[in-house]
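Please consult the sequence and the structure shown here alongside the points below.

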Amino acid sequence: MGDHHHGPAAGVTRWLFTTNHKDIGTMYLWFSFAMFLLGGFFAMVIRAELFQPGMQLVEPGFFNQMTTLHGLIMVFGAIMPSFVGLANWLIPMMIGAPDMALPRMNNWSFWILPPAFLMLASTLFMEGGAPAFGWTFYAPLSTTYAAPSVTFFIFAIHILGVSSIMGSINIIATVMNMRAPGMTYMKMPMFVWTWLITAFLLVAVMPVLAGAVTMMLMDIHFGTSFFSAAGGGDPVLFQHIFWFFGHPEVYIIILPAFGVVSQIIPAFSRKPLFGYASMVYATASIAFLSFIVWAHHMYTVGMPLAGELFFMYATMLIAVPTGVKVFNWITTMWRGSLTFETPMLFCIGFLVLFTLGGFTGLMLSIAPADFQYHDTYFVVAHFHYVMVAGAVFSMTAAIYYWLPKWCGRMYSESMGKTHFWISFIGFNITFFPQHFVGLAGMPRRIPDYALQFADFNMMSSIGAFIYGASQLLFLYNVVATIVAGKPVSEEKVWDGAEGLEWTVATPAPYHTFEEPPAVPKPVGTF
Amino acid sequence: MGRIFSAAAWVLVAPLAGAGNQINMSPGVTEMGGNIFELHMLIMWICVVIGALVFGAMFYSIYAHRKSKGHQASQFHESTQVEVAWTVVPFLILIAMAFPATSTLLEVYDNDESELDILITGHQWKWKYEYLDDSGETVAFFSNMATPQEEIYNTQSKGENYLLEVDEPLVIPTHTKVRFLITANDVIHSWWVPEIAVKRDAIPGFINEAWTRVPEEGIYRGQCTELCGAYHGFMPIEVHAVSRDEFDSWIAAKRGIAAAQTELAMQTLSVDELMDEGKRVYDSACLVCHGAGGEGGVGNAIAGSPVVLGDIAAHMALVADGVSGTAMQAFGEQLSAVDMAAVLTYQRNAFGNNTGDVVQPGDVAGTENG
């Protein structure tokens, strides 16, 4: 790179042709937020229909389209791209690199996403409606019995799989090759570590998902019978393939969230992360275990006893490294000097609610008990505790934490705290009662329910509207900060923050670390 | 703060819980259900205790180690002893959990020595029950949701067992090891009755096994628990557990009805008989998709339909074989010859379709497996 400084191009071409990791990160973040609002809107339709027993607003078939698109858009459109956006912004700045290793591919891996989701959303207007088989799209409901729009869904999945694989290769190449001299692996910030491991998981499992949807495509259009029992195929095979992708997928979502929390809790505790090395090993163990537990999503398909026992024991084991992480965060806070700015509040919210989700996860791992939990609202409550209170809360914390560095302006702390409390309360009103109705026998993915579930469902819907509305406050706060927030110019926006990203100017210039920085003391010492 | 919140949450929930809202798993009526319930409670209490310790430490730290109280940060980190302890202790707790979990699972999988076998087949969106019997006189019937559309669409007040009631329940004897063989005809369903602790996926091409032994007479309700299409929420399960004597007389009566049906299929029925029976069959099998007045909905309109007004054999073939890839199922297996004849006659003469055609059971018997 030449030694002359050049800023961003003018106009829309800046965004279309950019190879700058910060621009691409920004686009990923805004795109994922737009998807978050769209997926959230679908969730509001679901909760509005479930407000009372009886069918009021939508037809059962459309209800299934809503649950399907809500899941797909939140997982693939909101959470995953948001963490890729965060990785784009932060990984080069955290390891002292000038940009990502493969900047043109970086542009491409973002720009194929919007058309993919446009195509997915457009299925709503097609004859026969959007996909209505759940985000897990079990065959043969998603093949022989699906609406014609399933072909567009398959194409969309292929594209976003390609995007994810390119993004991951880029992250692996960047972390392995672009670290500043002295930035050894065991000095890398936890966020970089968790993303490196996540990227390997993505490269390993996205092709499996691509294989699954390709087999669906063959079954639908080319007369094969991979998943059709009538043609000698096996519908359970689909579930094995899907969950071989799907279980690592949930760690793909949660590991970068762990990374974020491991950055923020030390900053506001003014104390180094308690066990850096054990956090790295715990992350790697979780990633390994995630490959050998997939069939715990399938305890009721009629697996042989030996298989059932293996998957139960392996799943229970995940509690050990996950526990190590939680204990580490709490010992990091222990005897620190704690303050409770918005990012820290969201991290503490994460810690409490994610741990609750972990407990219900442990309960679900117990195969015989799962015969009563499986496919009920207990499961819905469980995975929203880990996905929303886990991934989304930590993502929100990340935005509040790094936004001042990105735009050189401070968000409104009082509005941020209000956002936290409304979110926290709204989230719990929504999802805590779902444990109750699930245990009491309410299946998931039903548009209407028996009368004994009415009170808790109404409560859940009210909570969902509160939680949904709080995200508009978040949007307002972020926009107001970017447009007219109080300027900050200190390099270290937070007095406890550690890491190379806090050594560059605020707001972060368009190009950083054109010369490799001197790497200070290892992470974990002050 | 968190404790105050959970207390507040309890204040919010307690009146609801008091108002007959179940908040926990039911142990149900079977021994196995009781064991699963105890396992569930055991794991939950272990989690509660661990949670109390972990959150206790966290909230103490939040309270005591805050900067606003002038607390200075210590800089300690890493301690091999502590880290080994918090790896080994949870591992030992998990091993302790694995013992009861394994023994309960072995019990769930013990399908041997059943005294009664029932084949359960999931269809979109109803269950078929077949009592397998060496004598060859198999009793088989479909079980449809009985909740009327008016209740679902809020024009009538909802009954006590809204969405959980069926036209023909599964009847099983008490104190008997009943084995369920579970499969499906189209997509994957899942047969779940919480009170008797049975949930097993119904998968086309596979036959899964599950069992129960119900000690108490009573009515136990459940639902399909695997998304199976638009009306997944509307295929309930109703199990009536009755005494052995009552069961024996029920099944004898069922066999009698089956024999009478066979006899009836040999006869020629009057148009009125066919139309009355046809309306009954239409209302239970066709109405949801094709509308009360044959106006259509999910399915095509029956009124003025070219299929219904056209060739009888083609009409019958469509109803019997269904239309692949759509919600129109193959009814050939589901309807007896009498029912098939009646519903065809009804469709061809109701809703303004005045073809005057009459289809007799004898016309049907030769063309499908009736």
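In this predicted model, 27 residue pairs are in polar contact across the interface of chain B and chain A, both residues of each pair being at pLDDT 80 or more. The side of chain B that touches chain A divides into 52 nonpolar, 30 polar and 11 charged residues.

**Elements and salt bridge at the interface**
- At least two residues of the side of chain B that touches chain A come from each of α1 (2–18), α2 (31–64), α3 (80–108), β7 (198–202) and β9 (218–224) of chain B.
- α2(B) gives the largest share of that side, with 16 residues.
- The rule finds 1 salt bridge across the interface of chain B and chain A.
- A salt bridge joins the side chains of B:Lys67 and A:Asp495, at 3.7 Å from N to O.

**Extent of the interface**
- Contact involves 93 residues of chain B and 105 residues of chain A.
- About 8,600 Å² is buried between chain B and chain A, and carbon and sulfur atoms give 71% of this area.
- In chain B, the most area is lost to chain A by B:Phe76, B:Trp86 and B:Leu227, which together account for 9% of what that side buries.

**A sheet in chain B**
- Five strands of chain B form an open sheet in the order β3-β2-β1-β5-β8, with mixed pairing.
- β3 (139–143) and β8 (208–213) of chain B are at the edges and each has a single partner strand, so one side of each lacks a neighbour in the sheet.
- On average, neighbouring strands of this sheet are turned by 25 degrees against each other, direction ignored.
- β1 (residues 116–123) and β5 (residues 177–184) of chain B pair in the parallel sense over 7 bridges.
- B:Gly122 has B:Ala184 in β5(B) as its bridge partner.

Notes:
Residues are numbered from 1 along each chain as its sequence is written. Chains are lettered from A and ligands numbered from 1 in the order in which they are written. This is a predicted model: local features need pLDDT of at least 70, side-chain atom pairs count only at pLDDT 80 or more; totals for chains, interfaces and linings use all residues. Side-chain values use heavy atoms; hydrogens and water are left out. Contact means heavy atoms within 4.5 Å. Buried area is the accessible area (1.4 Å probe) that two parts lose on being put together, summed over both. A salt bridge is a side-chain nitrogen of Lys or Arg within 4 Å of a carboxyl oxygen of Asp or Glu. A polar contact is a pair of N or O atoms within 3.5 Å; within protein, one must be able to donate a hydrogen and the other to accept it, and residues adjacent in sequence count only if both atoms are side-chain atoms. Helices (H or I, at least four residues) and strands (E, at least two) are DSSP runs, numbered from the N terminus. Ala, Val, Leu, Ile, Met, Phe, Trp, Tyr, Cys and Pro count as nonpolar, Asp, Glu, Lys and Arg as charged, and the others, Gly among them, as polar. Two strands pair if DSSP finds at least two bridges between them. Axes are lines fitted to C-alpha atoms, for helices over the stretch in contact, and angles run from 0 to 180 degrees between N-to-C directions.
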